Amino acid sequence: MITIKSKSELDIMREGGRILATTMREVSSAIRPGRTTPRELDELALKTIRAHGAEPSFLGYRGFPAAACISVNEVVVHGIPDDRTLQEGDIIGLDFGVFYKGFHTDSAWTFPVGQISREAQRLLNITRESLFQGIAQAREGNRVGDISQKIQKYVEGAGYSIVTDLVGHGIGKKLHEEPSVPNFGRAGRGERLRNGMTICIEPMVNAGRPEVVTLPDDWTLVTKDGTLSAHFEHTVAITPDGPVLLTADEANPL
Ligand code: MG
Ligand code: MG
């Protein structure tokens, strides 16, 4: 079922989204090549979310053991924070959800660890831009397929692959609600977007082939060919004024 949020519900989600944006900024600024581990970043995420009176959406979700999904290099999404030390040249995806006053928000961003290769930087740039291309289509009267097609066209036009095993989603009182928001598809198809809908748009982009494999921990998704993968996500509200990013921090954008 697609849920339509009232003005006051959207206000709550915006507050929760600001907590998420603040956490994203604090956790990402703690990344130090040769020193920081994903586990330390996860602990900082948990601490920061709770310090703002919110709870992490992912901890315990279907048994997930951490507050954040942390996905390094060839890990596409759903990486479990571990004790490896991040190395100069790595890329690291931080993905978390915040549960605040009864509503979830969800966001992800992929960061460079120190100096990264030109190729890795291009993957980050293209994936981030594909998210914003999709967001620009998140308008009343458009359909989900308008978002999907824009993202797919932009990513494939740049020579990269869209991961099709996972998709974006509606969000609200539940972390995952209707509709599905695929990063591939045809314009003019799918659910019609209405004011008050809140959706997570989250392109997952592989530098090489699109195939992915799940590791034996049953969570970690990696590229089958071992190439780098990037992931960017915002929670977006459909409003009469156009798409509103609930998980962006206007004062301190990333
Ligand atoms: Mg999501
Ligand atoms: Mg997410």
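Guide: For residue classes, Ala, Val, Leu, Ile, Met, Phe, Trp, Tyr, Cys and Pro count as nonpolar, Asp, Glu, Lys and Arg as charged, and the others, Gly among them, as polar. This is a predicted model, where local features need pLDDT of at least 70, side-chain atom pairs count only at pLDDT 80 or more, and totals for chains, interfaces and linings use all residues. Residues are numbered from 1 along each chain as its sequence is written, chains are lettered from A and ligands numbered from 1 in the order in which they are written, and side-chain values use heavy atoms, with hydrogens and water left out.

Visitor: How many cavities of 30 Å³ or more are there?

Guide: Rolling a probe the size of a water molecule over the atoms shows where empty space is left. On a 1 Å grid over the protein atoms alone, a cavity is a set of points where a 1.4 Å probe fits but cannot get out, and lining residues have an atom within 4 Å of a point. Points are joined across faces, edges and corners, and a volume is the space filled by probe spheres set on them. With a cut-off of 30 Å³ or more, the count is 2 cavities.

Visitor: Which element gives the most to the lining of the largest cavity?

Guide: This cavity has a volume of about 40 Å³. Its lining includes Val76, Val77, His78, Gly93, Leu94 and Asp95. Two elements give two or more residues each, β3 and β4, where strands are DSSP runs of E of at least two residues and helices are runs of H or I of at least four, numbered from the N terminus. With 3 residues, the top contributor is β4.

Visitor: How many charged residues are in that lining of the largest cavity?

Guide: The lining has 4 nonpolar and 4 polar residues. The charged count is 1.

Visitor: How many charged residues line the second largest cavity?

Guide: The second largest cavity has a volume of about 30 Å³. β3, β4 and β13 (229-231) each supply at least two lining residues. By class there are 5 nonpolar and 6 polar residues, and the charged count is none.

Visitor: Which element gives the most to the lining of the largest pocket?

Guide: A pocket is an open set of grid points with protein on both sides within 12 Å along at least five of seven lines. The largest one has a volume of about 480 Å³. Of its 23 lining residues, the closest to the centre are Tyr61, His78, Leu166, His169 and His176. β7 and β8 (177-181) give two or more residues each, and the most, 3 residues, come from β8.

Visitor: Is His169 buried or exposed?

Guide: His169 sits in strand β7 (residues 168-170). Buried means under 20% relative accessible area, exposed over 50%, and partly exposed in between, with a 1.4 Å probe and protein chains only. At 5%, His169 is buried.

Visitor: Which side chain does His169 join in a polar contact of 3.1 Å?

Guide: At 3.1 Å, the partner side chain is that of Asp106.

Visitor: Which backbone oxygen does the side chain of Thr48 reach?

Guide: Thr48 lies in helix α2. Thr48 is buried, at 6% relative accessible area. Its side chain comes to 2.6 Å from the backbone oxygen of Leu44.

Visitor: With which residue does Arg39 form a salt bridge?

Guide: A salt bridge is a side-chain nitrogen of Lys or Arg within 4 Å of a carboxyl oxygen of Asp or Glu. The structure holds 8. For Arg39 the closest N and O atoms are 2.6 Å apart, and the partner is Asp83.

Visitor: How many residues apart in sequence are the parts tied together by Arg39 and Asp83?

Guide: Arg39 is in helix α2 (residues 38-51). Asp83 is in the loop between β3 (75-77) and β4 (91-100), so the pair ties together parts whose separation in sequence is 44 residues.

Notes
A polar contact is a pair of N or O atoms within 3.5 Å; within protein, one must be able to donate a hydrogen and the other to accept it, and residues adjacent in sequence count only if both atoms are side-chain atoms.
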